[in-house]
Amino acid sequence: MQPLATLDITRPWHWGIAILSDPDLGGEIPEVDPSGGISANEKGIIVPVRHAQDIESFEGDFEWAEATVTVRLWSDRPELEDGRTIAFEGRLDTPTGRLWIGDADENSVAEGFPTSTRIRVVLLSHDLESPDQVWVDAWEA
């Protein structure tokens, strides 16, 4: 099965989190989990990602660390790929049919979502605390 749509967002995440919500419900997201885990309710999901300042060295030319969030819209629940772990699965209200992905610095909006969406956040098995690659799988709830 192939995704209906895919959006890759690769950039420095200066807040160390990616927020997922419907653009009209962004003010109702949960508070950040102080233990560093995923915070979620039906209005929003907060996913820890590799912090922009999480780099090996400040020597030479300075560059921010980046992380990639890949959002994939599916017609049905996809198979879990080898080497990956489900970090979260739940329902997200998306009444406008759009999904906002971002933080206080920058955001992107994906369209074509159902009004109630199942969301699964998938990480590589070895990178659960500060992932530099996050997959967000979405399908109709």
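In the predicted model, the largest nonpolar core comprises 23 residues, and those with the most contacts inside it are Trp 13, Val 69, Ile 101 and Val 134. At least two residues of this core are supplied by each of strand 2 (17-21), strand 4 (44-48), strand 5 (67-73), strand 6, strand 7 (98-102), strand 9 and strand 10, with the largest share, four residues, coming from strand 5. The surroundings of Ile 101 can be listed in detail: when residues up to four places away in sequence are not counted, Ile 101 touches Leu 7, Ile 9, Trp 13, Ile 19, Leu 20, Val 69 and Val 71, and also Glu 106, Asn 107, Ser 108 and Ala 110.

Five strands are arranged as an open sheet of mixed pairing, in the order 1-5-10-9-6. Strand 1 (5-11) and strand 6 (84-93) form the edges of this sheet, each pairing on one side only, and neighbouring strands are turned against each other by 20 degrees on average, direction ignored. Within the sheet, strand 9 (residues 116-124) and strand 10 (residues 133-140) run antiparallel and are joined by seven bridges; in this pairing, Ile 119 stands opposite Ala 138 of strand 10.

Although Gly 36 and Leu 128 are 92 residues apart in sequence, their C-alpha atoms are 10.0 Å apart in space.

Conventions: Residues are numbered from 1 along each chain as its sequence is written. This is a predicted model: local features need pLDDT of at least 70, side-chain atom pairs count only at pLDDT 80 or more; totals for chains, interfaces and linings use all residues. Side-chain values use heavy atoms; hydrogens and water are left out. Two strands pair if DSSP finds at least two bridges between them. Axes are lines fitted to C-alpha atoms, for helices over the stretch in contact, and angles run from 0 to 180 degrees between N-to-C directions. A nonpolar core is a set of buried Ala, Val, Leu, Ile, Met, Phe, Trp, Tyr and Cys residues joined through side-chain atoms within 4.5 Å. Buried means under 20% relative accessible area, exposed over 50%, partly exposed in between (1.4 Å probe, protein chains only). Contact means heavy atoms within 4.5 Å.
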